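Please read this note with the sequence and the structure open beside it, and follow each point in the model as you go.

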Amino acid sequence: MRLDYLTIFPEFFDVLGISLLGKAVDNGIVDIHAHDLRTWTHDRHRTVDDTPCGGGAGMVMKPDPWGEAFDDLLGADPDPSVHVVIPTPSGTPFRQDDAAQLSHADRIVFCCGRYEGIDHRVIDYASEHWSVHELSLGDYVLNGGEVAALAMTEAIVRLVPGVLGNPESLSEESYSQDQEGLLEYPVYTRPASWRGWDVPEVLMSGHHGHIAQWRREQSRELTRRRRPDLLTDE
Ligand SMILES: N#Cc1c(-c2ccc3ccn(Cc4cccnc4)c3c2)n[nH]c1N
């Protein structure tokens with residue numbers, strides 16, 4: 001899987017060389033390239049923004065640098081197997097299903113905007129050539145797309161075979177299909193008693209059936225309290 005990031009802050013993506021994703025890069029499972037969008041500017045000030053047509057506060061990212069970056073990175077031939085991910089507050093919510101689908105992609109280009117966003121014609125042009133996903137990390141406002149791209153990257157890449165040491169752990173996580181899309185149950189480790197708090201007895205019983213039942217009940221109760229929207233049968 002090749003991941004490209006178009007951004008005016010490429011250093012944001014230096015962290016991808018650390019930990020699990022770093023190992024995935026070292027193992028050749030993932031190939032990461034961060035690009036400074038100003039590479040595709042031609043004026044002395046390396047300008048990437050301009051005033052919004054129709055007025056309004058702030059600045060909008062000019063289309064030209066993005067178009068020239070697309071030309072260099074992707075060429076002009078349409079290829080639906082290339083996925084262009086545009087983090088945006090107006091995007092559809094990024095969910096585990098999106099991460100799962102994108103984990104099968106061979107190529108993903110993240111377009112990280114700043115200011116008040118990217119000239120919409122960039123999205124229109126990209127949509128004619130590649131598979132475009134306008135996605136939002138959540139219902140809060142960030143200053144740009146980089147943090148969202150990092151979070152989406154981790155959610156996607158950890159699902160790629162060979163990246164996680166123990167793929168079985170994926171099936172027991174919150175939002176995973178094996179968990180019926182419920183929140184994950186509380187987890188514990190040693191010691192059995194810590195500052196007056198004990199590990200639930202059932203988890204120390206060695207009775208796998210009782211443990212599985214307790215975990216299902218915990219997941220449903222936690223989901224009922226915190227995320228009733230995830231419950232389908234109530
Ligand atoms: N994904 C995602 C996001 C973003 C986000 C993503 C890209 C950009 C490019 C610029 N801004 C600032 C900005 C602020 C307000 C209005 N319009 C733009 C971005 C915010 N904010 N919140 C999310 N969940």
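Predicted model: local features only at pLDDT ≥ 70, side-chain atom pairs only at ≥ 80, totals over all residues.

1. The chain has seven helices and nine strands, and its C-alpha trace spans about 70 × 40 × 35 Å along the principal axes. Of the 234 residues in the chain, 41% are buried. The chain exposes about 13800 Å², and carbon and sulfur atoms supply 50% of that area. When contacts between residues at least 6 apart in sequence are taken, 72% of them join residues at least 24 apart.

2. The largest nonpolar core has 28 residues, and those with the most contacts inside it are Leu3, Ile108, Phe110, Met152 and Ile156. The elements that give two or more residues to this core are strand 1 (2–7), helix 1 (19–26), helix 3 (96–102), strand 6 (107–111) and helix 5 (146–157), and helix 5 gives the most, with seven residues.

3. Which residues of helix 1 are buried? They are Leu21, Gly22 and Ala24, and, seen down the axis of helix 1, these buried residues fall within an arc of 160 degrees, so they line one face of the helix. The buried residues of helix 1 pack against helix 5, whereas on the other side of helix 1 Ser19, Lys23 and Asp26 are exposed. Just after helix 1, glycine 28 takes a positive phi of about 75 degrees.

4. Valine 147 lies in helix 5, and valine 147 counts as partly exposed because its relative accessibility is 39%, which falls between the limits of 20% for buried and 50% for exposed.

5. Histidine 35, in strand 2 (residues 31–36), counts as buried because its relative accessibility is 14%. Not counting residues up to four places away in sequence, histidine 35 touches Arg2, Asp4, Tyr5, Leu6, Thr7, Pro10, Trp40 and Leu73.

6. The structure holds seven salt bridges. In one of them, arginine 107 pairs with aspartate 4, the closest N and O atoms being 2.9 Å apart, and this pair links strand 6 with strand 1 across 103 residues of sequence. Arginine 107 is buried, with a relative accessible area of 17%, and aspartate 4 counts as buried at 0%. Glutamate 146 and arginine 114 also meet in a salt bridge, at 2.9 Å from N to O; because glutamate 146 lies in helix 5 and arginine 114 in the loop between strand 6 and helix 4 (120–129), the pair ties together parts that are 32 residues apart in sequence. Both glutamate 146 and arginine 114 are buried.

7. Aspartate 229 forms a salt bridge with arginine 227, with the closest N and O atoms 2.8 Å apart. Here aspartate 229 counts as exposed at 53% relative accessibility, while arginine 227 counts as partly exposed at 23%. Elsewhere, salt bridges that share partners join Arg2, Asp4 and Arg107 into one network.

Note on methods. Residues numbered from 1 in each chain as written. Heavy atoms only, no water. Core = buried A, V, L, I, M, F, W, Y, C linked by side-chain atoms within 4.5 Å. Buried < 20%, exposed > 50% of the residue type's maximum accessible area, 1.4 Å probe, protein only. Helix = DSSP H or I, 4+ residues; strand = E, 2+ residues; numbered from the N terminus. Arc of directions from axis to C-beta. Contact = heavy atoms within 4.5 Å. Areas by Shrake-Rupley, 256 points an atom, 1.4 Å probe, with all protein chains shown as cover. Salt bridge = Lys/Arg side-chain N within 4 Å of Asp/Glu carboxyl O.
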